[in-house]
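Subject: Structure handover

Hi,

Here is the structure for your work. Please open it first, then read the notes below.

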Amino acid sequence: MSESPHTPEATGLREASRAAEPAEAARAFEAAGARAAAEPDRAAEAARSSEAAESGRAAGGPRASRPQAAPRFPGGPSPDPAGSHHERRIRSFQPRRSRVTTSQGDALRRLWPVWGLDIDGLRTLDLGELFGDGQKRSDKPVVLEIGFGMGEATARMAAADPDTGILAVDVHTPGQGNLLGLAERNGLTNVRVANGDAIILLREMLPPASLDGLRVYFPDPWPKPRHHKRRLIQPDFLTLAAPSLKPGAILHCATDWEPYAEQMLEVLTAHPDFENTQPDGGYAPRPDFRPHTRFEGQGLRKGHVVHDLLFRRVTRPGATDAHSGATAPEA
């Protein structure tokens, strides 16, 4: 993987390259982060303390004296991969703290160095190298999946399409371990598990036009009106994500929360970088390649209606690439 220098000069050039119109998304996230920085992340600190205490109790001995910021699984995912070198902001996700089973912990310790990566924002990923076997680069198309839960649906999609690489992002440690274990047991070499904030991954670590697809299945709907600003599928996110998608790449969203589906359809239809694959401009039938997920099953049992949205990445003449500053040629 190629390293991205973080000298003052490089930082200035990177910031200058984002000054064009599509970079409004990055500034919006930074402005929200400045407001959120005034409030310490007490919940995260409390959760880490609780995990340390639980670790000691599970071992049957005294409470663990592990420092709060130390990784639970040495060599595994970092508890705060981006650290303080990236701004805080209003998060579109809520880390879930739950017990890691023995098998999940074993998978994290053994397989994270092979198939896992932290989203630290300090380097640009070489996807050909990331999905290679250590000796040969991969030429697989790569799809980014944001939020995979326990990873069962991700593993099934990877097994059904071994010629496509899946870069799966989540912050749920048990799910990360579960997906790694599923990949090993099923011989899936086309899955990589990323830990951290997908916004930093898209903004700092992915080259332009490097993704063949983006999947966002059953994101947190944040149903309370005061929390709608935390929803992931919003105009700023689409503007940020578009440059990493190749022309023609498919953005596939699914949700069982009807008000969120309506918002998704509205913002995707209005965004100039995407076009609906459905001639009638509405929702799409569930494609065969998307298996039913655990969250989907829970929603269906509650009587919810699941909506799929499939939008194609289009290139606007004269548009500026938020990553590189390059301008698409006129048609």
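Eight strands form an open sheet with mixed pairing, in the order β1-β4-β3-β2-β5-β6-β8-β7. Strands are DSSP runs of E, at least two residues long, and helices are runs of H or I, at least four; both are numbered from the N terminus. Two strands pair if DSSP finds at least two bridges between them. β1 (116–118) and β7 (274–276) are the edge strands, each pairing on one side only. From one strand to the next, the twist averages 25 degrees.

A word on the source. This is a predicted model: local features need pLDDT of at least 70, side-chain atom pairs count only at pLDDT 80 or more, and totals for chains, interfaces and linings use all residues. Residues are numbered from 1 along each chain as its sequence is written, and side-chain values use heavy atoms, with hydrogens and water left out.

Now strand β2 (residues 142–146). Five of its five residues are buried, so β2 is largely enclosed by the rest of the structure. Buried means under 20% relative accessible area (1.4 Å probe, protein chains only). Val142, Leu144 and Ile146 point one way; Val143 and Glu145 point the other.

β2 has these parallel pairings:
- With β3 (residues 165–170), over five bridges; valine 142 has glycine 165 as its bridge partner.
- With β5 (residues 211–217), over three bridges; valine 143 stands opposite glycine 213.

β5 also pairs in the parallel sense with β6 (residues 245–255), over six bridges. There, arginine 215 stands opposite histidine 252. Helix α6 packs on the sheet and touches β2, β3, β4 (191–195) and β5. Contact means heavy atoms within 4.5 Å. The direction of α6 makes about 170 degrees with that of β3; angles run from 0 to 180 degrees between N-to-C directions, with axes fitted to C-alpha atoms, for helices over the stretch in contact.

The axes of α4 (residues 102–115) and α7 (residues 173–185) come within 8 Å and cross at roughly 70 degrees. That makes α4 roughly perpendicular to α7 (65 to 115 degrees). Contact residues include Leu108, Leu111 and Trp112 of α4, and Thr173, Leu180 and Ala183 of α7.

Finally, totals. The protein chain has 11 helices and eight strands. Of its 331 residues, 50% count as buried. Among contacts between residues at least 6 apart in sequence, 77% join residues at least 24 apart.

Best wishes

Key
Parallel < 35°, antiparallel > 145°, perpendicular 65-115°, else oblique.
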